[in-house]
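I opened the notebook to record what I looked up in this structure, entry by entry. Each entry keeps to one topic.

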Amino acid sequence: MRFGGLLANHDVTFDIYPGEILGLIGPNGAGKTTLFNCISGFLRPTEGTVLFKGENITGLKPHEICHRGLVRTFQITQPLRDMTVLENVMVGAFVRYPQTHQAREKAMEILRLTGLWSKRNRMGSELTIPDRKRLEIARALGAEPELLILDEAMAGLTPTEVQEAVELVKTIQAQGTTLFIIEHVMEAIMPIADRIVVLDAGRLIAEGPPSEIVQDERVIQAYLGEGRHAHRKEHSS
Amino acid sequence: MPKISRKTVVTVLLYVGAVVIAPLFSKAPFYRHVLIMVGLYGLLGVAWNIMGGYTGLYSFGQSAFFGIGAYTSTMMLVKAGVSPWIGMLCGGILAAIVAAGVAYPTSRLRGPYFTIASQAFARTFQILMTNWDYVEGAIGIPLPLMPDTWRFMQFKDKIPYHIIIFGLLGIAILVCYYIANSRTGYYFRAIRDSEQVASALGINTVRQRIIAAMLSAFFTAIAGTFYAQYVLYIDPESVTHHALSIEIVMVAAVGGAGTIWGPVLGAAILMPISQYARAALGGAGRGIDLIIYGVIIMVIALVRPTGILGFFQRERTIEGEGGDDVDTTITAGTGSDDAVRGALGQS
Amino acid sequence: MLVNVGLVQALMSGLLMGFVYSLIALGLSLIYGVMDVVNFAHGEFLMLGMFLAYWFSVLFRLDPLIAIFIIIPVLFLVGVGIYKGLIKRILNGTRISQILTTFGLSVFMANMAMFLWTPNYRLAERHLTSTTGDLSIFGVYLGVPELIASVGSILVFAFAYYLIRFTRTGRAIQATSIDSEGARLVGINIDNIYAITFGLGISCVGAAGVLLATFYYIFPYVGTFFSMIAFATVALGGFGSVEGSFVAGILIGIIESLGGFFISPAVKYAIVFMTYMVVIILRPATGLFGW
């Protein structure tokens, strides 16, 4: 099995290898979320291809891509507001477990893993921001992704909460899931990513292990030079 | 559902009991007529609810499917002497097909856009029916009088109608209950809350929306056939009118959209109001019931958009949080959760 | 010259009606564009305008064309009152509560009118224009009331357009429609703007009602029908677009009369609704003129 996340949009071409954590960084407006949308089927790239497990998934509908094992979260958290936390996760689990009781068992397992167990009967609309971020991940895990793509799952969290999220991501990786993470919080992504790709103005400007990336001149110019204040972006939702 | 819970059995028994006992309180035809209207609008509300309450598609055009049901069975009876039971099934299937045909192109529309489109569809349908000579246009069709038989679904007494409509309502509720607790029901609610999330989680939203529309149209059309057999006269004004679509939405929204029993409760509250208002005030008081409906619906939308059942549900959520952290009660806890859900509906 | 007089006749009467539709749609589009609320009771305010015109003509012997100067401010205040009492509370509500509230208002108003004024069809008494009949230009007959209604609609539309585009308040309305948070930050009182917008929207549709009252039958349910026409027009012109409303109103008027001419007058509204369905399916939310 080989993940071939091959993208040729704006000349962006890179691979994601099975089992790794690939970080995607870049200044605001670099096109990170657009890239995610192209991969997950929410946007159709005008040119280029997305390969997943050797198959061309370019232009497939989001639900078809999910069925193939590539699941995403949203930067602006979208809990299913009138469903409980448990039901939120069950919706994800139904993709693999059509029976209600199986989906419920799977969801409960994930709720324990993600630390949402005690809030399982809360409504999606009642959650705090950190819990919403967790729920985004938990719901995606329900669909048992082979490749999980997280869109700024840690932005807007306190340092403690970031630490918890980092632990969660490590746990998910340890269970054999490949992760592709957009992250604005450098402190969060650098220690856990195996490799980093850097996007600037829609182009790939660097690729490599975190230790190399932080030393890369172009990256420092494009991203780090942007100002230290940029590392914590507030979210309204 | 792997096995039937005790709560379900109790609910079914309570329902059957209530249906049997209700008409015994009075022999007055009017009283029994009101009960039948509760059943009819309960059925229409439950059908609307599959789309409106669960899937978040507020159709204001259900009258078209009601009309398809009424006209299909009536035309089959008038032209070919086919039993209305078969006509009922055919009408339901035809309505479901039409619903799929409408749901597919409108599958990108949400919120008020969908509502307006559904209204435009139903109004177009009414205009076409009014101008279609084969179905007698605006003149309407009196149903041929048949002997008092189950085969032709015609009775002088009101009790058989009572049994039929509450039987049909019971079936609709069971189907709704089954759907609500299955994957499809969860998918419907996910679409209601966010189509984007739903599709990211592998849900084919277009397909699910079509399924919801078909189910809803099927039961609405069945109610249409029943109405034709009960009133024995149909015309576009009575079975495809916009006001009917309005009443259907009201019934579901007042009782509680997105809950299993909400529409039934809504019908039980609103139908006596409208029937008694019409009877008491006659022609001069036309519209009094709808004035009251209008006020009720505004108040409900402002105070609690989830409908009257919403008050009970709020308590459920709070109650549910009580024993949350006790791991040992998980299994039992979940089981009873289900039972409560079954009784009060979903969400 | 080989001109089909009937066709020209249909085009002209469609055009005249179209200007009235433009004015009706303007109110709906304005309220949606600024407040993001679809007013399902829109047609009922048209009905209210018609009945006010009727009662002014019967009780005070005022021609609708004079009464309109009283009715427009009255409806503005009615609109502001309904905003303060009802609409304000649903601005942050869910979609369903917005739909149900304005919809409940529609049911309430239509049936209140039914209760108070009976379902009878009425005609307003025209004290100024009652003697004038049809006007004939090259064999094409134009009803004088229709002509007056469409010219009146254009004038009211132009006045509303002036208010929105060229006055201080109008610019505040535009700013709010583009970005209400931003507008709040620069010191615009959003609540007042919403109230004014709703009042303005209601005045527009009410004015159209008064103008229609000079030749159209007045009855309690007349609004539900015009609501549909307004939805179709706004969908065509793009929700929130002022200019789009104007063009789309004319288009709808012409589609309606051509449908009546080529197919059958009985199904002309079915054709309008089908046009609407096609547009909203092909271009949901943007209409023909939205980009």
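**Two loop residues in chain B**

I began with Glu136(B), which I found in the loop between α5 and β1 (141-142) of chain B. The model is a predicted one, and in it the phi of Glu136(B) is near 70°, a positive value in a residue other than glycine.

I looked next at Met153(B), which sits in the loop between β1 and α6 (159-180) of chain B. Its phi is near 50°, again a positive value in a residue other than glycine. Met153(B) has 23 C-beta neighbours inside 10 Å and therefore counts as buried.

**Chain B as a whole**

I noted 15 helices and 2 strands in chain B. Of its 347 residues, 52% are buried. I also looked at the contacts in chain B between residues at least 6 apart in sequence, and 76% of these join residues at least 24 apart.

**Where chain B meets chain C**

I looked up how many residues take part in this contact, and found 36 residues from chain B and 37 residues from chain C. On the side of chain B that touches chain C, the elements that give two or more residues are α5 (111-130), α11 (242-255) and α13 (288-303) of chain B. Which of the elements gives the largest share? That is α5(B), with 13 residues. By class, I recorded 24 nonpolar, 9 polar and 3 charged residues on this side of chain B.

**Chain C**

I wrote down 11 helices and 2 strands for chain C, and from the N terminus on, its elements run α-α-α-α-β-β-α-α-α-α-α-α-α. The C-alpha trace of chain C spans about 60 × 45 × 35 Å along its principal axes. I compared its radius of gyration with that of a compact globule of 291 residues, which would be near 19 Å, and chain C agrees because its own value is 19 Å. Of the 291 residues of chain C, 56% count as buried. Among the contacts in chain C with a separation of 6 or more, 79% come from residues 24 or more positions apart.

For confidence, I noted that chain C averages a pLDDT of 87, with 93% of the residues scoring at least 70. The predictor gives the complex an ipTM of 0.87 and a pTM of 0.88.

**Where chain A meets chain B**

I found 26 residues of chain A in contact with 23 residues of chain B. On the side of chain A that touches chain B, α2 (62-67), α3 (85-93) and α4 (100-114) of chain A each supply at least two residues. That side of chain A has 11 nonpolar, 9 polar and 6 charged residues.

**The sheet of chain A**

I traced an open sheet of 6 strands in chain A, in the order β4-β5-β6-β1-β7-β8, with mixed pairing. I asked why one side of β4 (70-72) and of β8 (203-208) of chain A is left without a neighbour in the sheet. These two strands stand at the edges, each with a single partner strand, so one side of each has no neighbour there. Neighbouring strands of this sheet are turned by 15° against each other on average, direction ignored.

I then followed strand β1 (residues 21-25) of chain A, where 5 of its 5 residues are buried. Both of its faces are covered, with Ile21(A), Gly23(A) and Ile25(A) buried on one side and Leu22(A) and Leu24(A) on the other. β1(A) runs parallel to strand β6 (residues 178-182) of chain A and is joined to it by 4 bridges, and here Leu22(A) has Phe180(A) as its bridge partner. β1(A) also pairs with strand β7 (residues 195-200) of chain A in the parallel sense over 4 bridges. In β7(A), the bridge partner of Gly23(A) is Ile196(A), while Leu24(A) stands opposite Val197(A).

Last, I looked up the helices against this sheet. Helix α1 (residues 32-40) of chain A packs on it and touches β1, β4, β5 (147-151), β6 and β7 of chain A, its direction making about 150° with that of β5(A). Helix α6 (residues 159-174) of chain A lies across β1, β5 and β6 of chain A and runs at about 150° to β6(A).

Definitions and conventions: Residues are numbered from 1 along each chain as its sequence is written. Chains are lettered from A and ligands numbered from 1 in the order in which they are written. This is a predicted model: local features need pLDDT of at least 70, side-chain atom pairs count only at pLDDT 80 or more; totals for chains, interfaces and linings use all residues. Two residues are in contact if their C-beta atoms, placed from the backbone, lie within 7 Å. Ala, Val, Leu, Ile, Met, Phe, Trp, Tyr, Cys and Pro count as nonpolar, Asp, Glu, Lys and Arg as charged, and the others, Gly among them, as polar. pLDDT is the predictor's confidence in each residue, from 0 to 100. The radius of gyration is taken over C-alpha atoms; the globule rule is 2.2 Å times the number of residues to the power 0.38. A residue is buried if 20 or more other C-beta atoms lie within 10 Å of its own, exposed if 12 or fewer, and partly exposed in between; C-beta atoms are placed from the backbone. Two strands pair if DSSP finds at least two bridges between them. Axes are lines fitted to C-alpha atoms, for helices over the stretch in contact, and angles run from 0 to 180 degrees between N-to-C directions.
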